[in-house]
Amino acid sequence: KKGGKHGLIESAHNGTLFLDEIGEISPGIQIALLRVLQEREVIRVGGTDRIPVNIRVIAATNRNLNELVAEGSFRKDLYYRLNVLPLRIPPLRERKEDIILFISSVLRNRNLKMDISDEVIRSLSQYDWPGNIRELINCCEYVIQMEDRFSLETLPYYIRDRMSADVPKGPAVPTRDQDRLAVLAVIQDHDRNHVKSGRRTISDALQERGIHRTEGEVRSLLRGLCDDGLVEVSKGRAGTRLSEKGRNLLEVRP
């Protein structure tokens with residue numbers, strides 16, 4: 001273009017620049033970006049003038065940048081320039097209570113109403129969603145375009161096949177009451193050993209006991225236990241502790 005044109009960084013002056021898939025950029029671009037973040041100025045392609053820029057940068061990735069730094073494929077200095085306010089968005093498999101919310105949102109945006117049975121919700125909650133939220137949205141689009149109702153039979157074939165393959169073989173899956181008691185027992189053990197009980201530590205402890213529950217599922221269980229007055233959830237990093245009511249419940253269990 002005659003006279004040149006503003007680049008994306010210059011165009012974001014006094015605003016926000018969103019960099020998606022930051023873990024995929026080449027070493028050369030990493031160096032250029034680091035220079036912009038350090039000097040707060042850009043030079044247009046083919047130009048010599050330094051142009052000051054005032055930008056806020058939001059970077060996103062689905063890769064582990066710590067591992068990329070260790071491998072040497074992502075610059076450590078750029079990582080620490082970007083890692084000012086890290087936010088982790090859990091994948092769908094860790095917050096399955098949101099599944100029905102996403103489905104309702106898709107239907108609402110299409111001005112559609114479809115009955116969704118509890119059986120379908122349970123089955124979708126047991127699915128591990130390797131494609132994350134995009135896969136769930138695609139599933140909704142498939143049902144909307146190809147079927148007239150949400151049921152196990154109307155789900156995409158690849159989801160049904162994977163659900164069949166993932167059906168656990170062996171002992172029955174614990175009921176929700178058993179899950180709640182297992183969580184209380186884990187918190188009790190942590191209290192005795194002076195270990196803070198967070199969602200991740202509880203999930204890991206349940207895994208060791210043969211109960212596979214994600215952090216999202218643990219969060220849902222903790223919310224219910226808190227509402228029932230069986231646990232006390234502290235703010236910050238203090239973790240979760242048993243209430244007197246929770247301790248009494250465990251003491252009277254056989």
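This is a predicted model: local features need pLDDT of at least 70, side-chain atom pairs count only at pLDDT 80 or more; totals for chains, interfaces and linings use all residues.

**Entry 1, helix α6.** I looked up which residues of α6 are buried and found Val120, Ser123 and Leu124. They cover an arc of only 100° around the axis, and this places them on the same side of α6. On the face turned away from that buried side, I noted Asp118, Arg122 and Gln126 as exposed. The spacing makes sense to me, because an α-helix has 3.6 residues a turn and residues three or four places apart therefore point the same way.

I then turned to α5, which runs over residues 99-109 and has Ile99, Ile103, Val106 and Leu107 buried. Viewed down the axis of α5, these buried residues fall within an arc of 95°, so they line one face of the helix. The other side of α5 carries Leu101, Arg108 and Asn109, which are exposed. I asked myself what covers the buried residues of α5, and the cover includes α6 (118-126) and α7 (132-146). Just after α5, I noted that Asn111 takes a positive phi of about 55°.

Which residues have the most contacts inside the largest nonpolar core? That core has 20 residues, and the ones with the most contacts inside it are Ile99, Ile103, Leu124, Trp129, Leu136, Phe150 and Leu155. At least two residues of this core come from each of α5, α6, α7 and α8 (157-165), and α7 gives the most, with six residues. I followed Leu124 individually: leaving aside residues up to four places away in sequence, Leu124 touches Ile99, Ile103, Trp129, Leu155 and Met163. Apart from this core lies another one, of 18 residues, and I listed Ala12, Leu17, Leu65 and Leu78 among them.

I described each pair by two values, because a pair of aromatic rings is described by the distance of the centres and the angle of the planes. The count came to three aromatic pairs, and I wrote out two of these. Tyr127 and Trp129 form an edge-to-face pair, with 4.6 Å centre to centre and 85° between the planes. Tyr127 is buried, with a relative accessible area of 2%, and Trp129 is buried as well, with a relative accessible area of 1%. Tyr157 and Tyr158 also form an edge-to-face pair, at 6.0 Å centre to centre and 90° between the planes. For this pair I recorded Tyr157 as exposed, at 56% relative accessibility, and Tyr158 as partly exposed, at 35%.

Notes
Residues are numbered from 1 along each chain as its sequence is written. Side-chain values use heavy atoms; hydrogens and water are left out. Buried means under 20% relative accessible area, exposed over 50%, partly exposed in between (1.4 Å probe, protein chains only). Helices (H or I, at least four residues) and strands (E, at least two) are DSSP runs, numbered from the N terminus. The arc is that of the directions from the helix axis to the C-beta atoms. Contact means heavy atoms within 4.5 Å. A nonpolar core is a set of buried Ala, Val, Leu, Ile, Met, Phe, Trp, Tyr and Cys residues joined through side-chain atoms within 4.5 Å. Rings of Phe, Tyr and Trp (its six-membered ring) pair if their centres lie within 6.5 Å; planes under 30 degrees apart count as stacked, over 60 as edge-to-face and the rest as tilted.
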